[in-house]
Amino acid sequence: MMRPWKALISAEKEPLLIGVSGGADSMALAYLASRWTDVFAIIVDHALRKESMEEAALTASRLLQLGIKNRIVRMDPLLYPKGVGKQERARFARFEVFHHLAKELKAGVIALAHHQGDQDETVYMRWKGESRKFGLTGIEPLMSRGGFLVLHPLLTVPKARLCKTLSEKGIEWCEDPSNQSRSYERVRVRQDISPLKRQQSRCLAQLAKCNVIFDRYILLETWQKYFRWHEEAGWVEISDLFFSNVPSRIAILLLRYVIQLITAGQHKPSFKSTASLYLARSGTLGGVQLKRKTKHFLNSSYSFFMVREVRDLPILPLSSLYSKNYEQSHLWAGTWSWTGNVLEAIDLEVRPLAELKRKIRQKKLPFEVAKTMPSLWEKDKFLGCPLLEGLPEDFIKQPFKWEGRDFLELIGLRK
């Protein structure tokens, strides 16, 4: 089950990171991978149950008995991002941990233990939710995220086989009672889905994968032909011809990915809401605005642009961009990092440049884009921003760097 990925892992000089919850799936993955490569396990204690600390310590001990180095990271649920469900918040925090430990350990790959049953349930839930064919491909076996690869090597392996492997080797695991709670949709699906529905989900996923291959290359060709991406600042220009020459289904699908690219979001807006934006040729959706350029900027065939919506941007202490709180993103607005030194002044804040309350009239940068740039402030004093082409040269340069997602990664063409 691990053999197809052996060449990928062997090419890495640093250990393979594995997310381990203590359950049978992740314990089996850690054991199997440790037989042929150097492994480092990350145990994330979400502190959502009173028993979680004890279970994390027990899991760490069991891993050490298998010769697997590990680290426990205990979270503070009070610091989780607001406005999303408990499982989504925990997932966000978990990937923050993976991101920072991957950097610290200079690891390029992290493996997660989603198995065949998880894949069946994911596809079934997406089908019930009227997901389109890109969503129906299910969990990707290999994907790029935040500068490292996320590997799911067990997607074709039944959970029963993993449990049997552990039992035969005398390896114990923990049972999370929340995995039996019907308050969660996935648990209800897991308990209720029939063997026939599971088999149908696998067939549906295979069919969807065949169908999306062609679409992915159509999306790439359309992106390269009609869009001009400004990666240094996270905004995009759109050719007039995009709206007249591209079939509406492809155009709407591409706009969904562009919105996700600009915000570095985990989810794309719905096809229906994106279709409304496409037909209107202007408006806001998912924290992104689509606008026609003013006459001042109509110097090419790229008459439209898309950029973050200012009101969607936060005001944060600079210290939050290099703190040790894994529960929160270390990127301003999910896309901008601070690459400078740690500054001790407690009053330093990162705000959108719109806070400057000054018109920035430059030929190469629309005002709406300039307003979304991060800027450094000490109380009411403006201390500077990234010096991008089109911003006033008298601004003080501050070491912000755009670190959003990659378009090829989003559409599944970069692994």
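Start with pLDDT, the predictor's confidence in each residue, on a scale from 0 to 100. This is a predicted model, in which local features need pLDDT of at least 70 and side-chain atom pairs count only at pLDDT 80 or more, while totals for chains, interfaces and linings use all residues. Residues are numbered from 1 along each chain as its sequence is written, and side-chain values use heavy atoms, with hydrogens and water left out.

**Whole chain.** Colour by pLDDT. The protein chain averages 87, and 89% of its residues score at least 70. Now select residues 6-10: this is helix H1, with the lowest mean pLDDT among the elements, 66. Helix H6, residues 159-169, has the highest, 96.

Show the cartoon. The chain has 13 helices and 17 strands. These are DSSP runs numbered from the N terminus: helices are H or I with at least four residues, strands are E with at least two. Of the 415 residues, 51% are buried. Buried means under 20% relative accessible area, exposed over 50%, and partly exposed in between (1.4 Å probe, protein chains only).

**H5 and H7.** Select 116-128 and 185-192. Helices H5 and H7 pack at about 110°, axes 10 Å apart. The axes are lines fitted to C-alpha atoms over the stretch in contact, and angles run from 0 to 180 degrees between N-to-C directions. H5 is therefore roughly perpendicular to H7 (65 to 115 degrees). Show side chains: Asp118, Glu121, Thr122, Tyr124 and Met125 of H5 meet Glu185, Arg186, Val189 and Arg190 of H7. Contact means heavy atoms within 4.5 Å. The contact residues divide into 3 nonpolar, 1 polar and 5 charged. Here Ala, Val, Leu, Ile, Met, Phe, Trp, Tyr, Cys and Pro count as nonpolar, Asp, Glu, Lys and Arg as charged, and the others, Gly among them, as polar.

**H8 and H10.** Next, select 195-226 and 248-263. Helices H8 and H10 pack at about 75°, with axes 10 Å apart, so they are roughly perpendicular. What is the make-up of the contact of H8 with H10? It has 9 nonpolar, 1 polar and 2 charged residues. Among them are Ile218, Leu219 and Trp223 in H8, and Leu253, Leu254 and Tyr257 in H10.

**Two lysines.** Go to Lys106, in the loop between H4 and E4. Its phi is near 55°, positive in a non-glycine residue. Lys106 is exposed, at 63% relative accessible area. Finish at Lys379, between strands E15 and E16. Its phi is positive too, about 55°, and Lys379 is exposed at 54%.

Notes: Parallel < 35°, antiparallel > 145°, perpendicular 65-115°, else oblique.
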